[in-house]
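I opened this one to see how the chain is laid out. My notes follow in the order I looked things up.

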Amino acid sequence: MAIVKCIICKQVLIGYGHNPYPIGDKGRCCDDCNYSVVLPLRIVNMKKWKLDDLRKKEIQGGKPMEVKPDFIYKQFFIWLGVILVIFSIALIIIINI
Ligand SMILES: [Zn+2]
């Protein structure tokens with residue numbers, strides 16, 4: 001079995017180790033580094049992404065994205081059009097018979 005070293009502290013790994021992302025894409029890291037460095041960093045990044053998301057929403061007026069009534073009306077008219085077309089085709093077929 002090949003000796004694998006932790007990419008963070010360079011200690012020889014016991015077991016399979018852990019995925020060191022976001023510290024590194026390649027290699028593995030040890031339990032200690034996983035719990036003391038990698039996981040906290042992931043949590044920090046998660047909070048940062050959430051903050052970025054909140055900031056984006058703030059720029060859009062501070063409200064979470066919602067479906068605009070305008071969009072619903074457009075959808076309604078599109079479906080009304082589709083139904084009308086289907087009805088008129090059906091009507092033409094019925095009249096021809
Ligand atoms: Zn380590």
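I started with helix 1, residues 31-59: its 29 residues reach 41 Å from first C-alpha to last, close to the 42 Å expected at 1.5 Å a residue. I keep in mind that this is a predicted model.

Next I looked for a bend along helix 1. I found one of about 30° at Val 38, with a proline, Pro 40, following within four residues.

Then I asked myself how many of the 29 residues in helix 1 are buried.

Buried residues come to 6% of its 97 residues.

For secondary structure, I listed 2 helices and 0 strands in the protein.

What about the overall dimensions? I got a C-alpha trace spanning about 85 × 40 × 15 Å along the principal axes. The radius of gyration is 29 Å, whereas a compact globule of 97 residues would have one near 13 Å.

Last, I went through the contacts. Of those between residues at least 6 apart in sequence, 12% join residues at least 24 apart.

How values were computed:
Residues numbered from 1 in each chain as written. Predicted model: local features only at pLDDT ≥ 70, side-chain atom pairs only at ≥ 80, totals over all residues. Expected span 1.5 Å × (residues − 1). Bend = angle between axes of the 7 residues up to and from the residue. Buried ≥ 20, exposed ≤ 12 C-beta atoms within 10 Å, placed from the backbone. Rg over C-alpha atoms; globule rule 2.2 N^0.38 Å. Contact = placed C-beta atoms within 7 Å.
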